[in-house]
Amino acid sequence: NAKESDAPRDQTREVRAGDWQCPKCNANVFASKSECFKCRTPKPAEGSMPATKRDASATKRDAGATKADRDRGRDSPPRRHSESDRHREREKDRQREKDAPRDSERDRDRDQNRDRDRDKDRDRDRD
């Protein structure tokens, strides 16, 4: 743990929306904190921070997004599927293949019933 405490805490976490930069020591401070964790400097008023510091979180957040992603309102590129997602999809496909004969029989019965009902209605209208 001694090595972890030697690393600057503001560099171990990505900048998020609302985080602020201490004007005295330049540490990145969580949005929920009212003072800097390093030097105890109070959080500056919202309008007193330069726009570049306030918008740093948005710039970092958008770094992985393409222009098309941002145009669509996405902050990051589309999510890549994990191995477990692919496994889940393969299992669903296997189940669909297994259920296919039953489903086709159900569909055939449904269609026959519709045809029978349509024929009854047509015969009733003729009378």
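Reply: Aspartate 93 counts as partly exposed, because its relative accessibility is 36%; buried means under 20% relative accessible area, exposed over 50%, and partly exposed in between (1.4 Å probe, protein chains only). The model is predicted, so local features need pLDDT of at least 70 and side-chain atom pairs count only at pLDDT 80 or more, while totals for chains, interfaces and linings use all residues. Residues are numbered from 1 along each chain as its sequence is written, and side-chain values use heavy atoms, with hydrogens and water left out.

Me: With which residue does the side chain of aspartate 93 meet in a salt bridge?

Reply: Side chains of opposite charge can pair when their charged atoms come close. A salt bridge is a side-chain nitrogen of Lys or Arg within 4 Å of a carboxyl oxygen of Asp or Glu. Here the partner of aspartate 93 is arginine 96, at 2.5 Å from N to O. Arginine 96 is partly exposed, because its relative accessible area is 49%.

Me: Where do aspartate 93 and arginine 96 lie?

Reply: Helices are DSSP runs (H or I, at least four residues), numbered from the N terminus. Both residues lie in helix 5, three residues apart, about one turn of the helix.

Me: Which residue forms a salt bridge with arginine 86?

Reply: Glutamate 83 does, with the closest N and O atoms 3.0 Å apart. This pair also lies in helix 5 (residues 83-126).

Me: How many salt bridges does the structure hold?

Reply: The structure holds 17.

Notes. Helix = DSSP H or I, 4+ residues; strand = E, 2+ residues; numbered from the N terminus.
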